[in-house]
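Here is a briefing on one structure. It covers the ligand site, aromatic pairs, a surface patch and backbone angles.

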Amino acid sequence: MAPEDSDFPISDLFGENLLLQALNASNSGIIITDNMQPDNPIIYCNRRFEDMTGYGRDEIIGHNCRFLQMDDRKQEARKLLKDAIAKGKNCVVEIRNYKKDGTLFWNELYMAPVTNERQEVTHFIGVQNDVSQRKRIQQELQRQKDQMEQKILERTRYLEESKEYLTSIFETVRESLIVLDRTLRVLTVNEYFLNTFKVTLEETEGKQFYELGNGQWNIASLRKVLEEVLPTNNPVLDYEVELEFPHIGKKIMQLNAYRVELEGEYKDRILMAIEDITERRELENRKDDFLSIASHELRTPLTSISGFVQMLDRLKPDNVSDKFKEVLGKTVQHVSRLNNLIEELLDVSRIRSGNIKLYRQAFNFDKIVYETVETMKQFTKTHRISIEGKAAAKLIGDESHIVQVVNNLLSNAIKYSPEGTEIYVYLSQVSNYVKVSIKDSGIGISNEDRKKIFERFFRVTSSQEKYPGMGIGLYVCQQIIENHKGTIWVESEPNRGATFSFTLPIK
Ligand code: ADP
């Protein structure tokens, strides 16, 4: 481009006119500045330069290029340009320039010096391209990248915080916690685990769960449920085992295991909580023993009292006063209530000790349910009881126990519904099950309480004062139904009555 430098000056070959035409045809803006004149003025610009900047040739020639930056002077690129001019070197910069109408455009400027035979820089040639579009895309990409990085940063921070948060919970919980990977290898355990089992982290982390201790966890049924946790997402709930552990001896442990996931992270991990329930069980056993002893001890004198009261009734002279009769009648009534309460307590202790005896025999289900309802009807003056339907099936089981269930459910229906209301008993056969439903229009049961009413000694707080009872009846019912391989449940809403149902398999 520098005619002086060339061995064969191009202008000589093609003529200046042709060269100017070539420069004007260029898609890049081209200028030439004269470095020998003060302030390095522009002495030539092609047409594209005029188009790019919006200035006319007469507004360009004679000026220093800086007018293109308008007031935007503090640009790193300007320093690079100045430096290159001072050293007479070439350089490429991307610089913010402004068109005549003030519109910003990014100029990719290639600047090269032209020297004479004395190696003095006589001119600079500037080739410029408007790269605003590319710059915009680059800036947009950069913005997106920055945004992404910011998001990643925030997410990392969030995860770190969550991790710290979870770790602090993990370590604070007063229960042995253990995290397993998909192959049931131990990833982490908390301090409480180490203290409970008196083991070190080295003996635990990285080991297979079944290898821990003396291999005591290697139980087929436990393996089965644990291996199901991840594929099915079914948790292990209240799995109870009594095992001999190294260092701590025989203990009853209760296991609960869940698949864990935190916002898509830590998938395929199992969190298991192991609770030592040995002491709780001992306490419960002691309570059960006490209950059993107390009810047996109470029953003996009570049997004598009932005998004496009956004797008094038989031996009473004909001319006793009405007051005497009334007192005696009430005594008989209360003794009988006491007897029932003690029988209930004895039922519980029999169930708890596994001493419940089932006298299995075939019996006509409809007949015994109808008879039980009939008997109850005769003794109930406060409520109407109706029965309909039939199961039309012979069952094999303990007849007296089934009668007890129907009696308990009927007594509750009477106890927990207002006088004058009706109780419906409905019998049916569903597939190979017999089904009994007992529906009342009483106080009903809340969702929360419904989950607990079959637990022993549970009573709904709000009804405790108003209605007498010990929270035993439904527990006994459930045990009896379970012993007969059936199910018992309740459907109810507060103040809208309750329907207790049970099913028993026909075969
Ligand atoms: P109890 O009646 O002696 O308290 P149960 O085991 O028979 O003991 O019942 C447990 C609890 O369930 C009762 O305290 C009562 O709150 C609730 N319940 C049982 N049957 C009904 C019913 N038919 N309607 C409303 N609540 C009931």
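Helices (H or I, at least four residues) and strands (E, at least two) are DSSP runs, numbered from the N terminus. The model is predicted: local features need pLDDT of at least 70, side-chain atom pairs count only at pLDDT 80 or more, and totals for chains, interfaces and linings use all residues. Residues are numbered from 1 along each chain as its sequence is written, and side-chain values use heavy atoms, with hydrogens and water left out.

**Surface patch**
- Tyr165 sits in helix H6 (residues 132–172).
- Tyr165 is exposed (over 50% relative accessible area; buried is under 20%, partly exposed in between; 1.4 Å probe, protein chains only), because its relative accessible area is 56%.
- Tyr165, Leu166 and Ile169 form a nonpolar surface patch of about 290 Å².
- Patch residues have over 30% relative accessible area and no salt bridge; nonpolar side chains (Val, Leu, Ile, Met, Phe, Trp, Tyr) are joined within 5 Å, like charges within 9 Å.
- A salt bridge puts a side-chain nitrogen of Lys or Arg within 4 Å of a carboxyl oxygen of Asp or Glu.
- Accessible areas come from the Shrake-Rupley method with a 1.4 Å probe; for residues, only the protein chains shown count as cover.

**Ligand site**
- The ligand is surrounded by 20 residues (a heavy atom within 4 Å).
- The closest are Asn412, Tyr416, Asp440, Arg459 and Leu474.
- A side-chain N or O atom of Arg459 is 2.5 Å from a ligand oxygen.
- Backbone atoms also take part: an N or O atom of Gly471 lies 3.2 Å from a ligand oxygen, and a polar atom of Gly473 is 3.3 Å from one.
- Alone, the ligand exposes 530 Å², and the protein buries 98% of that.

**Aromatic pairs**
- Nine aromatic pairs turn up in the whole structure; ring centres must lie within 6.5 Å, with planes under 30 degrees apart stacked, over 60 edge-to-face and the rest tilted.
- Tyr55 and Phe67 are edge-to-face, because their planes stand at 90°, with ring centres 5.0 Å apart.
- Tyr55 is in the loop between helix H3 (47–53) and helix H4 (57–60), and Phe67 is in the loop between H4 and helix H5 (76–87), twelve residues apart.
- Tyr55 is buried at 12% relative accessibility, and Phe67 is buried at 17%.
- Ring pairs also join Phe193, Phe197, Phe209, Tyr210, Trp217 and Phe245 into a cluster.

**Positive phi**
- Most residues other than glycine have a negative phi.
- Lys485 has phi near 60°; it lies between helix H15 (473–483) and strand S16 (487–492), in a loop.
- Asn495 has phi of about 65° and lies in the loop between S16 and strand S17 (498–505).
- Lys485 is exposed at 68% relative accessibility, and Asn495 is exposed at 66%.

Definitions and conventions: A polar contact is a pair of N or O atoms within 3.5 Å; within protein, one must be able to donate a hydrogen and the other to accept it, and residues adjacent in sequence count only if both atoms are side-chain atoms. Rings of Phe, Tyr and Trp (its six-membered ring) pair if their centres lie within 6.5 Å; planes under 30 degrees apart count as stacked, over 60 as edge-to-face and the rest as tilted.
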